[in-house]
Amino acid sequence: MYISTFHLMPHRELPDDFEKRYSSVWVTPPFHELADAKRVGQYYNWTFDELIAAAKAGSDGICTNEHHQNAYGFMPSPNLMGSVLARATDGLDCAIVQMGASLPATQPPIRIAEEYAMLDCISGGRLVAGMPLGTPMDINMCYGVTPMEQRERYREAHDLILKAWTSREPFAWNGKYTQLGMVNLWPRCIQQPHPPVWIPGSGSTSTLYYAAQHNHCYCFLSYFGYQAALRSVEKYWSVVQETGRDLNPYRLGFLQLVTVAETDEQAEKDYAKHVEYFYHKGLHVPPEWMGVPGHQDYQSLSNAMRNPMIANAFTSLKEKRFKDFLKDRYVICGSPATVRDQLKDLVGKLKVGNLMVLLHIGSMPHELTLKNIDLFFREVAPAIRPTWDDKWENQWWPAGLRKKAAQEVTA
Amino acid sequence: MTAPTDHHVTVWQEKITPNIKVAGSGSPVVFLHGAGGLVWDAFLDQLAERHTVYAPEHPGTSVGDPDAISHLDSLWDLVLYYYEIFDALGLKSVPIIGHSFGAMVAAELAASNPERVSKLVLISPIGLWREDIPVVNWMIITPGSDLPKYLLRDPDGPIAKQMFGTPDPEGMIRMIWSMGCTGKFVWPIPDKGLKKRIHRIQAPTLLLWGKQDRLVPPAYAEEFASRIPGSRIELIDEAGHLPTVEHPAQVAASVEGFLA
């Protein structure tokens, strides 16, 4: 089991009545009414400090991602974040997990090939190359990409980036969305033929297939707990089998909100309001924006409309309170023992190899976040880390940081 | 009333076989539907009493063929694709009636090759842009609650109830997919250069607009009229963005009068 710490870099101090006064946390919230640039600078630096603290506490990887025009998590450039983190974690066995630069929003996409190669060089070969499709809010609404072109742009960019990394000779790229007469990447990655590729997703059928077909790690970014995710994850494992791949659990990444305190009671006291803040304010988005027309292909759209589980989960968020989020395990929160048990349950049921934990949630202040990180890596992580090590190697992890599977070690 | 029949032609290097709804008899007219997809309604029924109405479904929106849209990438492709359909139907020069998105396409067809379009009826067209009265992006409006406010003069009336009253997953899939397939040519702002080409339109042109259109405000009628030589505006009172649905008989009578 590999455990990475994810950070969204959210606005931590939205007003109490935010979701009543404003129509959305994404795309439209007015910066000048809601934020202050100096304070935002503090958020970025807290984010760095929290991720670096996680790395020092033993996190196997640290993750940043890309979102635009929002208070939910605003790192428009995850590679700026990753660059600082790569340097600051020099000498630690910690992967720089970029989850990452959005392929359809970057033009020309070799910019991502270049920046990821820079990060791989700076980090000494510790990069995990996330290749997100991007949300409709980010890519279609903020960055103007035509929804129906998003997946096709993504696929072309993916192919171009991999070719730019692996081709020994300069080549011409005559794509539908990108034409380049001479691609000759500088720098090249330390990791050869290329860094491991992770594809984040939220259950779209076509993304499951894409990850399996290309032998990449599929990362289910779930906010609705692992019970709600079970159906999508089972579908993923059946797709993996269908495409003739092995059932290596490291093919699957899973994101889980986790908060730890000394006791269950203390955990509720420490974290309840921050969890509610996250679900009530951080995910305050008109549900139909998640499915802007054309963003999903026809099959995914049909599946989503006939089984509107995610949409229903979104629309019912405001009615739920901490106890509901706890009960449905949207958040795994409690004493170290409680969190260990529930995470073991999650990992076993979903067959997750690459667990990502969100240890800063919503409005959590810096000190509380550091406490959560410390308790998690001291009291929880050691108990779940050995999972899968008897049999499987994480082929989706930088080779220089990989543990050997026990079978191979003894062989 | 004549029920429309489905007619198929194969075009675009034999990659697309659009479904074309055809009804009536008499001189031909083409109807190009709006972003929500083709619905054969009372307006088209009435039109079919004196004309042969050809109503092609936008590529991708025909049942069973959602991926047809993947063969057309740009507005240029779409314009040439329609000329091929006209060729296949034997329509050398034909009146075109378009609604909203379909009206923008109709205007592009008339501007690209004036010889193919004998008369032009633009009902609440998109295609131009004014910063002071931006066209609302219909693709990001909540369908159940907010869309009726932008589409209909009376968002709580019987038409709204009929269109949006009962949740219907299959209907929603059709509408959302249709918006995606049409949105491919206009996202995120429906100004794709028509203003540079619109002066080429030679067909006599009727601009029909709902007086209470909140999606594309009627001020746009002047924008179109001032750019299309000899065009005429007719405003429909008590109508929003869907005048053919809100006042089918009146709109059909106006169109017929213009075509006669």
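This is a predicted model: local features need pLDDT of at least 70, side-chain atom pairs count only at pLDDT 80 or more; totals for chains, interfaces and linings use all residues.
Residues are numbered from 1 along each chain as its sequence is written, chains are lettered from A in the order in which they are written, and side-chain values use heavy atoms, with hydrogens and water left out.

Starting with the interface, 22 residues from chain B meet 22 residues from chain A (contact means heavy atoms within 4.5 Å). Together the two chains bury about 1800 Å², with 72% of that on carbon and sulfur atoms; buried area here is the accessible area (1.4 Å probe) lost on putting the two parts together, summed over both. On the chain B side, Ile173(B), Trp177(B) and Trp187(B) account for 35% of the area buried against chain A, more than any other three residues.

Lys176(A) pairs up with Asp73(B) in a salt bridge, and their closest N and O atoms sit 2.7 Å apart. By class, the face that chain B turns to chain A holds 15 nonpolar, four polar and three charged residues; Ala, Val, Leu, Ile, Met, Phe, Trp, Tyr, Cys and Pro count as nonpolar, Asp, Glu, Lys and Arg as charged, and the others, Gly among them, as polar.

A cavity is a set of points on a 1 Å grid over the protein atoms alone where a 1.4 Å probe fits but cannot get out, and lining residues have an atom within 4 Å of a point. The largest has a volume of about 60 Å³, and of its 13 lining residues, Pro10(A), Tyr72(A), Phe278(A), Gly282(A) and Gly362(A) are the closest to the centre.

Finally, the backbone. Most residues other than glycine have a negative phi, and most peptide bonds are trans. The bond from Met99(A) to Gly100(A) is cis, with omega near 0°, and so is the one from Trp186(A) to Pro187(A), with omega near -10°. Over in chain B, Ser100(B) has a positive phi, near 55°.

How values were computed
A salt bridge is a side-chain nitrogen of Lys or Arg within 4 Å of a carboxyl oxygen of Asp or Glu. On a 1 Å grid over the protein atoms alone, a cavity is a set of points where a 1.4 Å probe fits but cannot get out, and a pocket is an open set with protein on both sides within 12 Å along at least five of seven lines; lining residues have an atom within 4 Å of a point. Grid points are joined across faces, edges and corners, and a volume is the space filled by probe spheres set on the points.
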